[in-house]
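Reader: I am new to this structure. Could you walk me through how to read it?

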Amino acid sequence: MIESPAGTGWYVYGVAEDDPALARLDGVELIRRGTLAAVAREVSLDEYGADVLPERLNDREWLERNARSHEAVLQAAAAVTTVVPLRFGTIYRGRGHVERMLEERNDEFRATLARVRGHVELGVKAWVDLAAVGQTLDPAEQPLEGGAGMAYLQQRSREQDRSREVTARCFELAEEAHGRLAGIAVAAVANRPQPRELTGRSESMVLNGAYLVPDGDEQLRSEVDRLAAEHAGLGVEYELTGPWPPHNFAGEWE
Amino acid sequence: MSVIERRSLAEEVTLLDLVDRVLNKGVVVTGDITLAVGDVDLVYVGLRLLLASAATLEREAA
């Protein structure tokens, strides 16, 4: 088996059925086996070697550039044919290794391609202003009784109850939204909402969903509009991203 | 009514959205070099630290 020259490897972005239109994509090469083609690029192992990759990931500028480039290649491929995205940073030491992987995984790739063909992934996030949700709940205030110490404890207890109610309400909103969107989509995944310390926003993310829908179908978009209209008074904001290649629906086979 | 739309290739899609998909999803096949699950967790920790330090810098600049 021929290996690449020392110091280079083949970075594989995704796998598709071999298609002449794929061969015209800039900056990538196709590695073929059977009816499948891996969309790949030769990369330097100085950049992508096992010993440097984990450290590179902590370089925000490097991460952003390469994550965007990974996505850009997948989108270019997805524009011409159905592609199964591979996870970022899947690298082989030689073309022969990629060919062997395609051969070993032929059935899984072809089944996944058949499942996602003609579909795209849309992302829907819901953001909630917790204070605004709190204001929509019944006040249920009663005068505080007893001395100052007792009043303080009652106040604390009420605040804790209120916080639990707000959390429960947010959970309900997220469940309702995800349920309605999942009912329209071919497949749906509710991912862990991104934590506030990472989003940097004052609102809390309560829904981080991904939905597989027919390409060009506007039903999910319309349902998001309806949800936004219905929940506007609750301080909920919806965000739609995509269309994405089917990252969330490519399946994990291992 | 508010729905914000972000096209996935546009710069406005956050790095977090990309990390959520590109690093966290997609088919996992064993390459000669493959990111381990722990590496991806490290990315989140790394981003958290980077954002925390950016916030600190902003506060210091204020």
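Predicted model: local features only at pLDDT ≥ 70, side-chain atom pairs only at ≥ 80, totals over all residues.

Reader: How many helices and strands does chain A have?

Author: Helices (H or I, at least four residues) and strands (E, at least two) are DSSP runs, numbered from the N terminus. Chain A has 10 helices and 9 strands.

Reader: Why is chain A called more spread out than a compact globule?

Author: The radius of gyration is taken over C-alpha atoms, and the globule rule is 2.2 Å times the number of residues to the power 0.38. For 254 residues the rule gives 18 Å; chain A has 24 Å, well over that, so it is more spread out than a compact globule. The C-alpha trace of chain A spans about 85 × 40 × 30 Å along its principal axes.

Reader: Into which domains is chain A divided?

Author: Domain bounds come from an automatic or database domain assignment. Here they give domain 1 (8-116) and domain 2 (119-249) of chain A. Their C-alpha centres lie 35 Å apart.

Reader: How many residues of the two domains are in contact?

Author: Two residues are in contact if their C-beta atoms, placed from the backbone, lie within 7 Å. In chain A, 6 residues of domain 1 are in contact with 6 residues of domain 2. On the domain 1 side, α4 (60-80) and β4 (83-85) of chain A each give two or more residues. α4(A) gives the most, with 3 residues. As for classes, Ala, Val, Leu, Ile, Met, Phe, Trp, Tyr, Cys and Pro count as nonpolar, Asp, Glu, Lys and Arg as charged, and the others, Gly among them, as polar. That side of domain 1 of chain A has 5 nonpolar, 1 polar and no charged residues.

Reader: How do I read a helix pair?

Author: Two packed helices are described by the angle between their axes and the distance between the axes. Axes are lines fitted to C-alpha atoms, for helices over the stretch in contact, and angles run from 0 to 180 degrees between N-to-C directions. Under 35 degrees counts as roughly parallel, over 145 as roughly antiparallel, 65 to 115 as roughly perpendicular and the rest as oblique. The axes of α8 (residues 148-184) and α10 (residues 219-231) of chain A come within 9 Å and cross at roughly 155°. α8(A) and α10(A) are therefore roughly antiparallel. Among the residues that meet there are A:Leu173 and A:Leu181 in α8(A), and A:Leu220 and A:Leu227 in α10(A).

Reader: What about α4(A) and α1(B)?

Author: The axes of α4(A) and helix α1 (residues 15-23) of chain B come within 10 Å and cross at roughly 60°. α4(A) and α1(B) are therefore oblique to each other. The contact includes A:Ala67 and A:His70 of α4(A), and B:Leu18 and B:Val22 of α1(B).

Reader: How many residues does the contact take from chain A and chain B?

Author: The contact takes 57 residues from chain A and 36 from chain B. α4(A) gives the most to the chain A side, with 9 residues. By class, that side of chain A has 26 nonpolar, 18 polar and 13 charged residues.

Reader: Which peptide bond is cis?

Author: The bond from A:Gly242 to A:Pro243 is cis, with omega near 0°. A:Pro243 is found in strand β9 of chain A.

How values were computed. Residues numbered from 1 in each chain as written. Chains lettered and ligands numbered in written order.
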